[in-house]
Amino acid sequence: MKKYLFIIPIVFSHSFYSQKSIKSLPCYDLTEVLKVEPTALYKPHLDASRSFNVNILKNTSQVQKYINKGKFHTVKKSGKGFKVQKLDYSRAYLVSKAKSILEKIGSKFSKETKGHTFTVSSITRTLEDQCRLRKVNSNASLGISSHNYGNSFDISYVRFNGVLKNNPKMEVALEKVLKYYADAGKIFYIKERQQSCFHVTVRNY
């Protein structure tokens, strides 16, 4: 009778799980991320974000947790006075007050410009989203962003009515609306030159 020798490839199984565990490691070091000091201009945005009782969004599962709790609300692809561009590095969710203010900004802009629209270029981001963004945009934040809390969004000032083109008249009209809500204590905003957008953070008024 012939005898056969069977060898179980345990070593390959071990190698597979080792590689899998490496791949599951986060793409950021939270300790290092938290060490990055915000500028004096940006600090009020982070302080406002932390007042909504939302923890730093690290990944998709945390976003889903807040959706399930009813804390995050879906931002539609378009509304009165605004359109949301295809979001490759952020998610169309905001806390209730932020969604409401975005809609009010859009409505007021539409009224002031007799029906024109602006473009929302970024909304809520996780730390993992920021990792992906930094691969294509070296200017993306290395530290915590107010986008990581679900109450910030970016509005392009070079894309109106779906057309990518400098439009000084529309840009002035848009900033006038943003200043109105900033003066009312509803938002903070920064004009970001490199990204050609207004970074808007909604306050917990």
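Mentor: Exposed means over 50% relative accessible area, buried means under 20%, and partly exposed is in between (1.4 Å probe, protein chains only). This is a predicted model, where local features need pLDDT of at least 70 and side-chain atom pairs count only at pLDDT 80 or more, while totals for chains, interfaces and linings use all residues. Residues are numbered from 1 along each chain as its sequence is written, and side-chain values use heavy atoms, with hydrogens and water left out.

Trainee: Which residues of α4 are buried?

Mentor: Gln-62, Val-63 and Tyr-66, in a helix that covers residues 60–68. They sit on the same side of α4, because they cover an arc of only 105 degrees around the axis. That arc is taken from the directions from the helix axis to the C-beta atoms. As a general point, an α-helix has 3.6 residues a turn, so residues three or four places apart point the same way.

Trainee: And what do the buried residues of α4 pack against?

Mentor: They pack against β1 (72–74) and β4 (93–95). Contact here means heavy atoms within 4.5 Å. After α4 comes Gly-70, with a positive phi near 80 degrees.

Trainee: What makes something a helix or a strand?

Mentor: Both are DSSP runs, numbered from the N terminus: helices are H or I with at least four residues, strands are E with at least two. The protein chain has seven helices and nine strands.

Trainee: Why is Asn-53 called exposed?

Mentor: Its relative accessibility is 65%, and the cut-off for exposed is over 50%, so Asn-53 counts as exposed. You'll find Asn-53 in the loop between α3 (43–50) and α4. Its phi is near 55 degrees, a positive value in a residue other than glycine. In general, most residues other than glycine have a negative phi.

Trainee: Why does Asn-161 count as partly exposed?

Mentor: Asn-161 has 36% relative accessibility, so it counts as partly exposed. It lies in the loop between β6 (152–160) and β7 (163–164), and phi of Asn-161 is also positive, near 55 degrees.

Trainee: Why does Ser-196 count as partly exposed?

Mentor: Ser-196 comes to 22%, and buried needs under 20%, so the label is partly exposed. Ser-196 is in the loop between β8 (187–192) and β9 (197–202). Leaving out residues up to four places away in sequence, Ser-196 touches Ile-155, Ser-156, Tyr-157 and Val-158. The C-alpha atoms of Ser-196 and Ser-156 are 6.0 Å apart, though 40 residues separate the two along the chain.

Trainee: What makes a group of residues a nonpolar core?

Mentor: They must be buried Ala, Val, Leu, Ile, Met, Phe, Trp, Tyr and Cys residues joined through side-chain atoms within 4.5 Å. The largest one here has 34 residues, and Ile-105, Phe-118 and Phe-153 have the most contacts inside it. Helix α7 gives this core its largest share, six residues. Apart from it lies another core of ten residues, among them Val-33, Leu-46, Cys-131 and Ile-190.

Trainee: What does Phe-118 touch?

Mentor: Not counting residues up to four places away in sequence, its contacts include Phe-82, Leu-102, Ile-105, Phe-109, Ile-155 and Leu-174.

Trainee: How much of the protein chain counts as buried?

Mentor: 39% of its 205 residues.
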